[in-house]
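Hi,

Here is the structure I promised to pass on. Please open it alongside this note; my findings follow below.

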Amino acid sequence: MRYEEPIYRPPSEADSLLIQATIGCPHNKCTFCGMYKDKTFRIRSVQEIKEDILLAKQFYGDTVESIFFPDGNSIIMKTTQLEEIFRFAHQTFPGLRRITMYASAKFLRFKSLEDLKRLKTAGLNRLHKGLESGYDEILKRIQKGADSKLMIETALRVKNAGIELSEYVLIGIGGKDFSREHTMATADVLNKIDPDFIRLRTWVPVPNAPLYQDYLSGKFQLLSPHEALRETRLLLERLEVSCLFLSDHISNFVNISGHLPRDKESMLSKIDEMLELSESRFRPAIIENL
Ligand code: SF4
């Protein structure tokens with residue numbers, strides 16, 4: 001395959017065929033993110049993308065059931081281009097059941113309900129969207145490119161189009177100063193959206209991320225394992241949603257997963273058990289090669 005590395009994909013896409021539709025991220029300003037800082041953003045041509053799909057066909061035959069289109073925010077492509085790619089993927093792989101990609105609110109704002117419905121009809125099943133926080137002050141500080149109002153508006157549009165929505169929350173992104181505000185506002189936004197999936201990540205300093213310098217200088221203070229767990233606990237407590245809640249990532253101090261509201265009490269109990277453990281039992285603050 002013709003990849004321009006590094007390639008990132010959510011753990012839930014581990015079994016998906018990866019076809020790069022864009023290289024890098026068209027925003028690339030989030031202070032916590034170091035994923036695409038060394039790449040210059042560009043959109044690949046529909047022809048190149050189709051060629052990659054055909055190359056994959058030579059490798060995998062008819063076995064492909066799921067495709068994820070990296071890199072960041074491939075949703076920025078024109079609706080007509082995405083439709084053409086999705087239809088071609090379906091023609092190429094008769095067993096294809098799922099097409100997904102990353103989509104930030106900053107770029108989803110340019111997709112109307114009609115556009116999203118067309119993408120759904122062409123085969124788009126799920127979007128992975130970074131909420132990170134529901135607290136506007138934090139969204140501004142981390143330069144997410146969207147406020148909570150736009151986060152809610154775009155998320156509801158995705159859901160109304162019948163596309164599954166996976167929202168990512170960043171535990172600890174408010175640091176010690178804004179932990180409570182971050183948690184309360186994030187729960188509030190998620191309650192308004194009621195996504196299909198809520199996926200937790202915990203912010204881990206990575207050298208490529210601009211926020212890393214603030215971490216080194218002490219301007220940004222990381223949460224301790226117990227503080228991160230208490231933040232997760234408060235978030236869970238406040239959630240009034242009907243969805244799958246997952247912490248399916250090594251950045252988290254503990255894996256808490258289940259269906260909400262059904263498993264809320266058992267997940268809270270698991271966090272309480274973890275809070276009994278000494279902080280030295282949890283992962284180190286920095287994870288090499290994250
Ligand atoms: S978090 Fe997403 S939108 Fe922000 S810079 Fe990274 S890839 Fe781009």
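**Strand 7 and its surroundings**

In strand 7, Val-169 is the bridge partner of Glu-132. Keep in mind that this is a predicted model.

That bridge belongs to a longer pairing. Strand 6 (residues 126–132) runs parallel to strand 7, with 6 bridges between them. Strand 8 (residues 197–202) also pairs with strand 7 in the parallel sense, again over 6 bridges. There, Glu-167 stands opposite Ile-198 of strand 8. To get from strand 7 to strand 8, the chain passes through helix 7 (residues 179–193), and this β-α-β crossover is right-handed.

Is strand 7 enclosed or open? Of its 8 residues (164–171), 7 are buried, so the strand is largely enclosed by the rest of the structure.

The open sheet has 8 strands, in the order 1-4-5-6-7-8-9-10, and its pairing is mixed. Strand 1 (17–18) and strand 10 (258–260) are the edges, each pairing on one side only. Strand 1 pairs with strand 4 (residues 66–69) in the parallel sense over 2 bridges. Leu-17 stands opposite Ile-67 there. Helix 2 (residues 79–92) lies across strands 4 and 5. Its direction is at about 145 degrees to strand 5 (98–102).

**The core**

The largest nonpolar core holds 81 residues. Phe-69, Phe-86 and Phe-245 touch the most other members. Beyond its neighbours within four places in sequence, Phe-69 has contacts that include Ile-19, Ile-49, Phe-86 and Met-101. Another core, of 5 residues, lies apart from the largest one; Cys-25, Tyr-36, Phe-68 and Tyr-102 are among them.

Best wishes

Definitions and conventions:
Residues numbered from 1 in each chain as written. Predicted model: local features only at pLDDT ≥ 70, side-chain atom pairs only at ≥ 80, totals over all residues. Heavy atoms only, no water. Buried < 20%, exposed > 50% of the residue type's maximum accessible area, 1.4 Å probe, protein only. Helix = DSSP H or I, 4+ residues; strand = E, 2+ residues; numbered from the N terminus. Pairing = 2+ DSSP bridges. Right-handed = clockwise from strand over helix to strand, strands pointing away. Core = buried A, V, L, I, M, F, W, Y, C linked by side-chain atoms within 4.5 Å. Contact = heavy atoms within 4.5 Å. Axes fitted to C-alpha atoms, helices over the stretch in contact; angles between N-to-C directions.
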